Amino acid sequence: MTYDDSNWREEYKSFTSDKRELELLENGPDSLASSWRLMAMRQKWKKIKGYKDPEPPDCQSSFKEWNQSIDE
């Protein structure tokens with residue numbers, strides 16, 4: 001991670017006026033659905049700030065490659 005997201009909740013407060021979102025930012029989620037909403041808010045904050053997660057590594061292999069590794 002190349003960015004500091006330790007204070008994202010405080011920063012996000014300046015981007016919203018929704019009472020429920022402000023409550024979630026202050027108190028945290030109280031249900032599974034509210035945790036999804038909080039995660040969506042974090043993703044929106046990252047998009048606003050221009051932060052991107054690194055691409056995951058390509059871990060694919062073909063059956064042929066696997067089979068060759070077993071034979072060796």
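Which residues does lysine 46 touch, not counting residues up to four places away in sequence? In this predicted model, where local features need pLDDT of at least 70, side-chain atom pairs count only at pLDDT 80 or more, and totals for chains, interfaces and linings use all residues, lysine 46 touches Tyr3, Tyr51 and Asp53, contact being defined as heavy atoms within 4.5 Å. Residues are numbered from 1 along each chain as its sequence is written, and side-chain values use heavy atoms, with hydrogens and water left out.

The chain contains 4 helices and 0 strands, and its pattern, read along the sequence, is α-α-α-α. The radius of gyration of the chain, 20 Å, is well over the 11 Å that the globule rule gives for 72 residues, so the chain is more spread out than a compact globule; this radius is taken over C-alpha atoms, and the rule is 2.2 Å times the number of residues to the power 0.38. Helices (H or I, at least four residues) and strands (E, at least two) are DSSP runs, numbered from the N terminus. Along its principal axes, the C-alpha trace spans about 60 × 25 × 15 Å.

Of the 72 residues, 22% count as buried, a class that means under 20% relative accessible area, whereas exposed means over 50% and partly exposed lies in between (1.4 Å probe, protein chains only). The chain exposes about 6,000 Å², of which carbon and sulfur atoms supply 51%; accessible areas come from the Shrake-Rupley method with a 1.4 Å probe, and for residues only the protein chains shown count as cover. Among contacts between residues at least 6 apart in sequence, 43% join residues at least 24 apart.

Lysine 46 has its place in helix α3 and is buried, with a relative accessible area of 3%.

The side chain of aspartate 5 is joined to that of arginine 42 by a polar contact of 2.3 Å, and aspartate 5 touches both Arg42 and Trp45 when residues up to four places away in sequence are not counted. Between aspartate 5 and phenylalanine 15, which are 10 residues apart in sequence, the C-alpha to C-alpha distance is 15 Å.

Proline 57, in the loop between α3 (32-49) and α4 (63-71), counts as exposed because its relative accessibility is 64%. Proline 57 and serine 34 are 23 residues apart in sequence and 30 Å apart in space, C-alpha to C-alpha.

Key:
A polar contact is a pair of N or O atoms within 3.5 Å; within protein, one must be able to donate a hydrogen and the other to accept it, and residues adjacent in sequence count only if both atoms are side-chain atoms.
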